[in-house]
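Work through the exercises below with the sequence and coordinates at hand. Each task is followed by a stepwise solution.

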Amino acid sequence: MTEPLISVRDLTVRFDTYAGVVHALNGISFDIYPGEIFGLVGETGCGKSVTGLSLLRLVPPPGEICGGRILFHGQDLLTKNEAEMRDIRGGRIAMIFQDPSAALNPVFTIGEQIELIIRQHHPVSREQARRRAVETLHAVGMPEPERILTTYPHQLSGGMQQRAMIAMALSSGAELLIADEPTTALDVTIQAQILDLLTHLKQTQGIAILLITHDLGVVAETCDRVAVLYAGLIVETGPTASVFQAIKHPYTQGLLAAIPRPGSHGQQLQSIPGTVPSGLNPLPGCPFHPRCGFAMDVCRQHRPDLLPTDQAHWVACHLYSDSPLPNLGEGVGVRAT
Ligand SMILES: Nc1ncnc2c1ncn2[C@@H]1O[C@H](COP(=O)(O)OP(=O)(O)O)[C@@H](O)[C@H]1O
Ligand code: SF4
Ligand SMILES: [Mg+2]
């Protein structure tokens, strides 16, 4: 059995703001294995970016990781010192964002930036670094890699800039790539090309990818396993194939209904009514209950545990809980196990 590359356990993150304490992550746990794409999906404000940043210990103040463990090759990143973390960031774990132009340095060419990363991580000459940079640009599907080396970021399209960012992650020898909405700013065709590239790199280089997206359609096409995040909690998780065979959580069903379908141009998508909670003053019970069409009395009082339903498919919802439900009023009939 392969060991996980990274194991997140009970990760808890809060932001102590003037308005009050924002509960951004409320104890989430998941594993990512070498050579897989693990999808983290949910609406804006659910805690996806905070999760990605936590893995690199880059949660901005006033945010703070206040509980849990992040085991990378079995070692807790939360116990590493700053120098050790600097080696890991941009080295063994790399991160790319929605806007690659903000992450690329505008005053250096793409070649200079990639060669610098190669030389930081490998004892090679300038010429060898240049050759490796060409190979890496080729590996990420850049046309004319030799010419791309001499270009500045602003001379490239958004899709090409994102490919350059992925090339940098590969040059550093990253084992885990955290990709936070890497295709959200790109048009649909380019989006598909970047997702194909991530799948290709997983297969050819064995890199593990944490793919953060608000789009369940992207998960269906790209991810091996998925975790659905709501209000800083994982509400449904499992292998993508099993989850999509029978989506169980009412929130995930809502995300599914919001996926644009071919031929539905201009049609109003079915969005989930209500809004994501702010994380200030979390409600008791299931965090989704104010928006859930199936909410029962128990949902307003007791938070459902994340429990296995079948195989590796886990759901946090009282509709699927086997244990006797306390304090049930009317509406028990909708229980579906
Ligand atoms: N700098 C910050 N200050 C206060 N709250 C923040 C900050 N960054 C994120 N949060 C809060 O943490 C929660 C999760 O945010 P985030 O991870 O960015 O969501 P997502 O990426 O899923 O859209 C939200 O409630 C958000 O308001
Ligand atoms: S626990 Fe209750 S409120 Fe929450 S998703 Fe399930 S049915 Fe809806
Ligand atoms: Mg985000």
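**Exercise 1. Find the polar backbone contacts of ligand 1 and describe its shell.**

Step 1. A polar backbone atom of Ser49 lies 2.9 Å from an oxygen atom of ligand 1. A polar contact is a pair of N or O atoms within 3.5 Å; within protein, one must be able to donate a hydrogen and the other to accept it, and residues adjacent in sequence count only if both atoms are side-chain atoms. The model is predicted: local features need pLDDT of at least 70 and side-chain atom pairs pLDDT 80 or more, while totals for chains, interfaces and linings use all residues. Residues are numbered from 1 along each chain as written, chains are lettered from A and ligands numbered from 1 in written order, and side-chain values use heavy atoms, without hydrogens and water.

Step 2. For Gly47, the distance from a polar backbone atom to a ligand 1 oxygen is 3.1 Å. For Gly45, a backbone N or O atom is 2.6 Å from an oxygen atom of ligand 1.

Step 3. Of the 560 Å² of accessible area that ligand 1 has on its own, the protein covers 69% (Shrake-Rupley method, 1.4 Å probe).

Step 4. Strand 1 (6-17), strand 2 (20-32) and helix 1 (48-55) are the elements that each give two or more residues to the shell. Helix 1 gives the most, with three residues. Helices (H or I, at least four residues) and strands (E, at least two) are DSSP runs numbered from the N terminus.

Step 5. There are 13 residues around ligand 1, and Gly45, Gly47, Lys48, Ser49 and Val50 come nearest (a residue is near if one of its heavy atoms lies within 4 Å).

**Exercise 2. Locate two backbone features in loops.**

Step 1. Pro61 and Pro62 are joined by a cis peptide bond, with omega about 10 degrees. Pro62 is in the loop between helix 1 and strand 4 (63-72).

Step 2. Ala231, a residue other than glycine, has a positive phi near 50 degrees. Ala231 is in the loop between strand 9 (225-230) and strand 10 (233-239).
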